[in-house]
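Take a walk through the model shown below. Start at one residue, then widen the view to sheet, cores and charged pairs.

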Amino acid sequence: MSISIVDVSKQFGTYQALDNVRLHVPTGGLVALLGPSGSGKTTLLRIIAGLETPDTGSVRYHAEDISGQSPRDRQVGFVFQHYALFSHMSVFENIAFGLRIRHVPQAQVQARVLELLELVKLGGLGQRYPSQLSGGQRQRVALARALAVQPRVLLLDEPFGALDAKVRQELRQWLRRLHEEIQLTTLFVTHDQEEAFEVADQVVVMRAGRIEQVGAPQEVFDDPANPFVMDFLGNVNVFHGRVQNGTAVLGGMEINCPEFPEAEPRNVSGYVRPHEFELDRVPLQRSSLPAKVLHVTPAGAVTRVRVAAEDYPVDLNIDLGKDRFQQLGLRVGDLVFIAPRRVRLFTADDYAI
């Protein structure tokens, strides 16, 4: 079941939650709505579910406009951040709830619930109560309950947000494997980049009620559409300068920029991720920057080095592999030289060069 969002807008009082949003989710896709708080992710999810009504635009399942249908008629499975389980019901009865209110025969209820308990790796726990389960187990019960009525689409709103880091990681991997098994069209809301990239086939980056970029996780990370996407998806170092005649000058560095051969100069910003720097004790090239090591933070396979570059007002963050760091033998106060392996350039109007 594919989902199409066509020119959807939604306003709450004077607050524009969604602004002319267009999005297509292919059948069987697992799509993450990613963005900061207030970007419109949950509002869009609730409109797809029928829990909110758009001011303008429509929601379509395949070619069918379902904008006027109730949540029940849309056959949507919805999983909330805080489980929303019935504390007085057993795990079995929580999962069976949607089937019972639809008057499904008892034999079918029994078979479906037992099937789902096995699917979500909770076989044998049907008679327990939510209070007797871990957070991760409760979230799997919530997911099984959403799947019980065989929804056409599955919607998850920050499904792992209430869990600790280790459980979140385990559930992310589990959800990915589950999706590969059932192939149900799924959208989930998150503000966690790592979560979106690990689980989703496609990432939708949102800001202020608009979609900034849609693409595969690696595509969005490697080729961000604008500075917001670049900055939101991980740490960056930003250099400001000018570009003309095929060369950008950024904080003492010269970067070849054949995409802008014009003689008239333009202001640009150059974005470099911490792992995209080279660092050595000798000058690397004509445009390398001399810098002093300010701080060193070991972080497993990566060592994070903070440096202060001459003639540049902001400290820079550089990630070095453990072996490279040990080879250089860096200490606080050492003089080093840095140069970016890749710079993404954007003009003042967010145009990518």
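Ser9 counts as buried, with 12% relative accessibility. Buried here means under 20% relative accessible area, exposed means over 50%, and partly exposed lies in between (1.4 Å probe, protein chains only). This is a predicted model: local features need pLDDT of at least 70, side-chain atom pairs count only at pLDDT 80 or more, and totals for chains, interfaces and linings use all residues. Residues are numbered from 1 along each chain as its sequence is written, and side-chain values use heavy atoms, with hydrogens and water left out.

Ser9 sits in strand E1 (residues 3-12). Helices (H or I, at least four residues) and strands (E, at least two) are DSSP runs, numbered from the N terminus. What does Ser9 touch, leaving aside neighbours within four places in sequence? The contacts are Gln16, Leu18, Asp19, Asn20, Pro54, Asp55 and Thr56. Contact means heavy atoms within 4.5 Å. A polar atom of the Ser9 side chain lies 2.7 Å from the backbone nitrogen of Asn20.

Now the sheet. Six strands form an open sheet with mixed pairing, in the order E6-E7-E8-E3-E9-E10. Two strands pair if DSSP finds at least two bridges between them. Strand E6 (76-79) and E10 are the edges, each pairing on one side only. From one strand to the next, the twist averages 20°. Axes for such angles are lines fitted to C-alpha atoms, for helices over the stretch in contact, and angles run from 0 to 180 degrees between N-to-C directions. Strand E9 (residues 202-207) pairs with E10 in the antiparallel sense, over five bridges. Met206 stands opposite Ile211 in E10.

Next, the nonpolar interior. A nonpolar core is a set of buried Ala, Val, Leu, Ile, Met, Phe, Trp, Tyr and Cys residues joined through side-chain atoms within 4.5 Å. The largest core has 47 residues, and Ile95, Val113, Leu143, Leu147 and Leu154 touch the most other members. Helix H5 (residues 135-148) supplies the largest share of this core, seven residues. Take Leu143: setting aside neighbours within four places in sequence, Leu143 is in contact with Val79, Leu154, Leu156, Trp174, Leu175 and Leu178. A second, separate core holds 28 residues, including Leu279, Leu289, Val305 and Phe325.

Finally, the charges. Side chains of opposite charge can pair when their charged atoms come close. A salt bridge is a side-chain nitrogen of Lys or Arg within 4 Å of a carboxyl oxygen of Asp or Glu. How many salt bridges does a search of the whole structure find? The count is 18.

One of them joins Arg210 and Asp19, with the closest N and O atoms 2.8 Å apart. Arg210 lies in strand E10 (residues 210-215) and Asp19 in strand E2 (residues 15-25), so this pair ties together parts 191 residues apart in sequence. Arg210 is partly exposed at 44%. Asp19 is partly exposed at 24%.

Arg100 and Glu93 form another salt bridge, at 2.9 Å between the closest N and O atoms. Arg100 is partly exposed at 29%, and Glu93 is partly exposed at 28%.

Arg342 meets Asp223 at 3.1 Å, N to O. Arg342 lies in the loop between strand E19 (335-340) and strand E20 (344-347), and Asp223 in the loop between helix H8 (217-222) and helix H9 (227-232), so the pair ties together parts 119 residues apart in sequence. Salt bridges that share partners also join Arg172, Glu194 and Glu198 into one network.

Notes. Polar contact = N/O pair within 3.5 Å; in protein donor to acceptor, adjacent residues only side chain to side chain.
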